[in-house]
Amino acid sequence: MVHLQEHGYEVDARNVTNQRLIELKSEYRVSRALEGCHTATVDGYVVEGHVPADVIDRLLSERPDEVAGLAVPGMPVGSPGMEGPNPQPYSVIAFDGRGGRSVYEQR
């Protein structure tokens, strides 16, 4: 959240029950394989997990029709909000909501 705010995004964070979070992920068609700890919407796209702000900027600039959202599955060390020693490479995955996915960017 802080990472996005530092990059100019207005964040409306809400605490929900685990059951409601599961329902939201299902509504937004986030598959279990793509799940992260946060689920958001940004200008019509789903953002799941610790997606870097500059990658969200790129998505909003390109506005690909076939992409429903971006996800960083899990909580990889080195992703925004998970900074620490020994950062690990991770992928930002684009998904279409029908089960299709591809690497949008490698970090």
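Is Ala68 buried, partly exposed or exposed, and what is its relative accessible area? In the predicted model examined here, the relative accessible area of Ala68 is 22%, and because buried means under 20% and exposed means over 50%, Ala68 is classed as partly exposed.

The setting of this residue is given by the arrangement of the chain. The protein contains three helices and five strands, which follow one another from the N terminus in the order α-α-β-β-α-β-β-β. Ala68 lies in the loop that runs between α3 (53-62) and β3 (69-72). When neighbours within four places in sequence are set aside, the contacts of Ala68 are with Gly44, Tyr45 and Val46, and also with Phe95, Asp96 and Gly97.

The C-alpha trace spans about 35 × 30 × 25 Å along its principal axes. Of the 107 residues, 34% are buried, and among the contacts between residues at least 6 apart in sequence, 41% join residues that are at least 24 apart.

The accessible surface of the protein amounts to about 6,600 Å², and carbon and sulfur atoms account for 48% of this area.

Methods:
Residues numbered from 1 in each chain as written. Predicted model: local features only at pLDDT ≥ 70, side-chain atom pairs only at ≥ 80, totals over all residues. Heavy atoms only, no water. Helix = DSSP H or I, 4+ residues; strand = E, 2+ residues; numbered from the N terminus. Buried < 20%, exposed > 50% of the residue type's maximum accessible area, 1.4 Å probe, protein only. Contact = heavy atoms within 4.5 Å. Areas by Shrake-Rupley, 256 points an atom, 1.4 Å probe, with all protein chains shown as cover.
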